[in-house]
2 protein chains.
Amino acid sequence: MVPFINCFEVPPEADEEFLRRWRATSLYMREKPGFLGLRLHKVTSDSSVNRYVNYVQWRSAQEWQAAHDDGFRALVQDAPWTGRVGQLYEVVASAGVIEL
Amino acid sequence: MVPFINCFEVPPEADEEFLRRWRATSLYMREKPGFLGLRLHKVTSDSSVNRYVNYVQWRSAQEWQAAHDDGFRALVQDAPWTGRVGQLYEVVASAGVIEL
């Protein structure tokens with residue numbers, strides 16, 4: 001299992017457009033081989049950084065890479081969020097029980 | 001359940017110091033009422049942004065807030081990572097099965 005995490009910086013006025021794009025992209029990605037699941041988190045404070053965190057699990061880095069094809073790129077073109085593309089991660093430490 | 005997520009920007013040369021601090025802080029926090037569990041993720045590419053993502057679950061926002069006391073602040077003082085304090089989040093969408 002490979003976690004893909006994206007810490008999005010979305011200005012509040014772009015929320016609607018962000019969610020519209022996120023839904024379209026997620027519906028596209030969940031049909032791809034190796035997609036396991038995702039959770040979208042929205043910040044509860046009025047902070048302006050990392051307002052959304054997308055946590056996705058893929059079966060392998062290869063399948064994650066293959067899923068980022070021309071169809072994906074067309075969906076995220078001119079997206080209303082700044083920089084900070086998502087990254088693949090590995091879990092390096094854990095404690096207690098995480099419930100998801 | 002309240003997710004607390006911190007997207008850390010740690011320069012590679014500060015990895016050792018970051019992990020030392022993260023361990024000390026996590027050992028301190030896991031003794032606090034309301035702490036449920038955590039996972040630390042490290043980026044697998046050579047990207048320099050958000051190299052670590054800390055995903056913590058608390059029972060309530062009140063307990064999370066109470067845990068950030070003087071003892072916690074002493075542990076993170078002069079920490080070797082930049083800006084971007086962690087935030088509380090809510091899960092606003094999910095799909096598939098997330099295994100943690």
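This section describes the interface between chain A and chain B in a predicted model.

The two chains contribute 39 residues each to the contact, counted separately for chain A and chain B. Together they bury an area of about 3700 Å², and carbon and sulfur atoms account for 59% of this area. Zero salt bridges were counted between chain A and chain B. Polar contacts, in contrast, are present across the interface, where 14 residue pairs with both members at pLDDT 80 or more were found.

On the side of chain A that touches chain B, at least two residues are supplied by each of strand S1 (2-8), strand S2 (35-43), strand S3 (52-58) and strand S4 (87-96) of chain A. S4(A) provides the largest share of that side, with 10 residues. Classified by residue type, the side of chain A that touches chain B comprises 21 nonpolar, 10 polar and eight charged residues.

Strand pairing also joins the two chains: S4(A) runs antiparallel to strand S2 (residues 35-43) of chain B, and the pair is linked over seven bridges. Within this arrangement, A:Ala95 is positioned opposite B:Leu38 of S2(B).

The relation between the copies was examined by superposition. Chain A is brought onto chain B by a rotation of 180 degrees with 0.0 Å of shift along its axis, at an RMSD of 0.0 Å. The two copies are therefore related as by a two-fold rotation axis. Both copies use the same surface, since 100% of the contact residues of chain A recur in chain B.

Conventions:
Residues numbered from 1 in each chain as written. Chains lettered and ligands numbered in written order. Predicted model: local features only at pLDDT ≥ 70, side-chain atom pairs only at ≥ 80, totals over all residues. Heavy atoms only, no water. Contact = heavy atoms within 4.5 Å. Buried area = accessible area lost by both parts, 1.4 Å probe. Salt bridge = Lys/Arg side-chain N within 4 Å of Asp/Glu carboxyl O. Polar contact = N/O pair within 3.5 Å; in protein donor to acceptor, adjacent residues only side chain to side chain. Helix = DSSP H or I, 4+ residues; strand = E, 2+ residues; numbered from the N terminus. Nonpolar A, V, L, I, M, F, W, Y, C, P; charged D, E, K, R; others polar. Pairing = 2+ DSSP bridges. Least-squares fit on C-alpha atoms with pLDDT ≥ 70 in both.
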